[in-house]
Amino acid sequence: MASTTTTTTTASLCLFLLFILLQTTSSKAAGESPTSFACNPQDASTKDLPFCRVKLPIHVRVRDLIGRLTLQEKVKLLVNTAKAVPRLGIKDYEWWSEALHGVSNVGPGTKFGGEFPGATSFPQVITTAASFNASLWEAIGRVVSDEARAMYNGGMGGLTYWSPNVNVLRDPRWGRGQETPGEDPVVVGAYAASYVRGLQGNDGGGHQLKVAACCKHFTAYDLDNWHGVDRFHFNARVSKQDMEDTFDVPFRMCVQDGKVASVMCSYNQVNGVPTCADPNLLKKTVRAQWGLDGYIVSDCDSVGVFYDNQHYTSTPEEAAAAALKAGLDLDCGPFLGLHTEDAVKKGLLSEVDHIDLALANTLTVQMRLGMFDGSAHPYANLGPRDVCSPAHQQLALDAATQGIVLLKNRGPSLPLSTRRHRSVAVIGPNSDVTVTMIGNYAGVACGYTTPLQGIGKYTRTVHQQGCSDVACKDDTLFGAAIDAARQADATILVMGLDQSIEAEFRDRVGLLLPGRQQELISKVAASSKGPTILVLMSGGPVDVTFAKNDPRIAGIVWAGYPGQAGGQAIADIVFGISNPGGKLPMTWYPDEYLRNLEMTDMGMRSRPSKGYPGRTYRFYKGPIVYPFGHGLGYTKFVQTVASAPTVVAIVLDGHHTETSTSAGNGTSTRSFATAGKAIRVTHAKCSKLSLVVDVDVRNVGNRDGSHTLLVYSSPPSAAGHWVPHKQLVAFEKVHVLARTQQRVRFNIHVCKHLSVVDRSGIRRIPMGRHDLHIGDHVVHSFSVQASSLGLGIIKS
């Protein structure tokens, strides 16, 4: 394990501590870094070198530093365990740290202990995404980066965090679906941009970084291990259409809207080429088209994987050359450190054109982080008191509360009453868990409130597990659980999954509850004296059709993996302290959906002639358990369109003629504008072209509550059967007091959100009638028309 701190002489340490005391009134406990990573002001041999001069432009400093390195030194900086350059005063650095939903110790760059025994553990991403609250996502990022900086100052962490995971949850069986913001590419992209902005900060100008985030895993990566096919050998065959309108969307938004400092390429191949060796993906798309201002890193040992497992090249030197030529800048793993120098000697690589360029990208990020600014780096005042602070832990509770989704409320039976339900049977393998609540890629939490503890704050509890674990292989504990339900005023079953069922390298085999969980739930519900509430912990969707249809089960709550405060959040929802407002970020399918549906089939669109159902709410029309966006509350909201245009004019930047292929009709040349069907986005004047829609939200109930407005667009039916049935184009979380109303304004970018992608991967805006669906009932129709400058309006 590498660290950003090293031992110094007693004299230099004393001098440095004196310097810090003169610069700030913060105590040592506030977490000052005992040494600088580079450019130590006490090192006379380096402090005046150009790369240490803070007032020089960063690109000048980077060029100077690279010019001072030998080939051997350069190669040692191409891997995550970057080696020190003692003659230039540069320390070792471990690039690999993780912060998916809190500072994690999964990567070797971060460790817990001493003054940093833990860090705030927020809900798993899939739960936080269910809040549909972009400001919350950014706020969590700010807190996580505060704690990360504090740990860096204390010598316990790095500044480069390989988070978030912004892959689309394409298949409900994916074990890592819990890490993602769900199935909708726009929601995933909005989450990515918001969380990255929070992590990276904007203090001191847009170029400075608080920590460096990383959007992963690029691209079409959503299979770990299914029926003998694993991520190290999988070749994802993806159409240009699906790449453009699904898989690329979150990464493009992460780079362009979030200004992320890094993108990670994935293990798998895409259309026969390893992503970490594909210049079309890395150099052409991520860097040239999207404008990444940062570095590209491999998933850990990806370069070794495409050589050893995929046999993509004949020699290791060719593999190293392929990766660097494709645009890879940093290898998580030893491969580039072992083989790059020989690749140069064999003429496969240019030191200047490839290695220097890679180092320029990584060193620039380190300088933007202040790592070459000597001791006075930014955020030096953050320390142990800024980790697990009361405010941070309150935000973890707020995030869990906002993300919990009320799926069913018969009667309604929820919320429970502390007056009527004075005793509650708390049953289930997840009823008194701790680490289960934080999911994967988590660290050491500040502390936990389990569901049993949270419920116990409001009523007397009778606890029975019912199953010894989520596998629930036998009924040994059923009897005691049933007896508890018979005696209590209400019963809360806390069931679901954990990392033994869904995890990295562990995809699910089905969507039903494991083992005999369903049997336990049904028997307890049949015996319960009072209302039975089912609480589910899971990352992916679960087929609970039996519970949805069982009148003896009064309520169903999905908590995801709700983080360190999850038990308190669950109790607050169940007892009405909080009004639930979460919405499902993914479709819940019946188990039959998986019949003959191979995880390896990457197609998003349905193929009826072949019995292929399609994926996600955008392309699947079939039986569901609960739809994307579903979620109930304890009050009622009414939505009305206050104002919206009925005609949207698309101004063209000229008269464009292009070649088009029509199904079954061969190839023809025509003007899409004059044909009145669709125009290329690249042919429209898209700047500031927005559809402005005002929506009034009225809370007609007796309780204050937060409402999630989901706005979908449906393109003209003539656009083709391959377009989405509907596509989320905007969302907003709004808090509305009881018996009051609020107006929400949406600015819907026409070219981004009203366009569709044709079979050639070209994004076009269909002419004609479009429908906006606001919630389940409100529809607003408008016409999209095109005009060429000087030609007037062209009717569709």
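Reader: Which residues is Thr-449 in contact with, leaving aside its neighbours within four places in sequence?
Author: In this predicted model, Thr-449 is in contact with Met-437, Gly-454, Gln-564, Ala-565, Gly-566, Gly-567 and Gln-568 once those neighbours are left aside.

Reader: And where is Thr-449 found?
Author: Thr-449 belongs to the loop that runs between strand S12 (423–427) and helix H15 (451–456).

Reader: Is Thr-449 buried or exposed?
Author: Thr-449 counts as buried, because its relative accessibility is 18% and the cut-off for buried is under 20%.

Reader: Changing topic: how many salt bridges does the structure hold?
Author: There are 36 salt bridges in the structure. In one of them, the side chains of Lys-210 and Asp-146 meet at 2.5 Å, N to O.

Reader: Which parts does the pair of Lys-210 and Asp-146 tie together?
Author: Lys-210 is in the loop between helix H6 (185–200) and strand S3 (215–218), while Asp-146 is in helix H5, so the pair links parts that are 64 residues apart in sequence. Lys-210 itself is buried, with a relative accessible area of 8%.

Reader: What about H5, is it mostly covered or mostly open?
Author: Helix H5 is mostly covered, since 15 of its 20 residues are buried. The helix takes in residues 134–153 and reaches 29 Å from its first C-alpha to its last, close to the 28 Å expected at 1.5 Å a residue.

Reader: What comes just after H5?
Author: Just after H5 there is Gly-155, which takes a positive phi of about 75°.

Reader: Back to salt bridges: which residue meets Glu-244 in one?
Author: Arg-763 does; the two side chains meet at 3.2 Å, N to O. Glu-244 lies in helix H7 (residues 240–247) and Arg-763 in strand S27 (residues 763–766), so this pair ties together parts that are 519 residues apart in sequence. Arg-763 is buried, with a relative accessible area of 17%.

Reader: Where do Arg-486 and Asp-483 lie?
Author: Both residues are in helix H16 (residues 478–487), 3 residues apart, or about one turn of the helix.

Reader: Which residues do salt bridges that share partners join into one network?
Author: Arg-176, Glu-179, Asp-224, Arg-231 and Glu-504 are joined in this way.

Reader: Why can such side chains pair at all?
Author: Side chains of opposite charge can pair when their charged atoms come close.

Note on methods. Residues numbered from 1 in each chain as written. Predicted model: local features only at pLDDT ≥ 70, side-chain atom pairs only at ≥ 80, totals over all residues. Heavy atoms only, no water. Helix = DSSP H or I, 4+ residues; strand = E, 2+ residues; numbered from the N terminus. Expected span 1.5 Å × (residues − 1). Buried < 20%, exposed > 50% of the residue type's maximum accessible area, 1.4 Å probe, protein only. Salt bridge = Lys/Arg side-chain N within 4 Å of Asp/Glu carboxyl O. Contact = heavy atoms within 4.5 Å.
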